[in-house]
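Student: I am new to this structure. Please take a close look at one part of it for me.

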Amino acid sequence: MTSVRVQCGATRHRDGQPCQAKSEPGKRRCRFHGGRSTGPRTPEGKARSLANLRQFRCLPANPLNRGCHAH
């Protein structure tokens with residue numbers, strides 16, 4: 001079974017156009033936009049990640065939720 005490589009879904013930094021690179025196999029982002037990331041591995045990293053998830057989750061009162069979808 002081979003993984004499909006699609007176009008990276010990230011936007012480029014300077015002009016806002018979509019990234020032209022192919023995604024990493026089985027991922028949706030290229031190597032330049034985090035496609036090779038394996039996520040947090042240490043207990044400290046996992047705790048930090050969970051804290052950020054709780055802090056910035058999509059809530060109507062959160063002004064940082066510009067990209068959140070309606071539930």
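Tutor: Start with Ser 23. Ser 23 is buried, because its relative accessibility is 0%; buried means under 20% relative accessible area, exposed over 50%, partly exposed in between, with a 1.4 Å probe and protein chains only. This is a predicted model, where local features need pLDDT of at least 70, side-chain atom pairs count only at pLDDT 80 or more, and totals for chains, interfaces and linings use all residues. Residues are numbered from 1 along each chain as its sequence is written, and side-chain values use heavy atoms, with hydrogens and water left out.

Ser 23 sits in the segment before H1. Helices are DSSP runs of H or I with at least four residues, numbered from the N terminus. Setting aside neighbours within four places in sequence, Ser 23 contacts Val 4, Arg 5, Val 6, Cys 8, Arg 28, Arg 29 and Cys 30. Contact means heavy atoms within 4.5 Å.

Next comes Glu 24. Glu 24 also lies in the segment before helix H1, which spans 43–55. Glu 24 counts as buried because its relative accessibility is 13%. Beyond neighbours within four places in sequence, Glu 24 touches Arg 5, Arg 29, Cys 30, Arg 31, Gly 35 and Arg 36.

Now the cysteines. Cys 8 is buried, with a relative accessible area of 3%. Cys 30 is buried too, at 1% relative accessibility. The structure has zero disulfides; a disulfide is a pair of cysteine sulfur atoms within 2.5 Å.

Key. Helix = DSSP H or I, 4+ residues; strand = E, 2+ residues; numbered from the N terminus.
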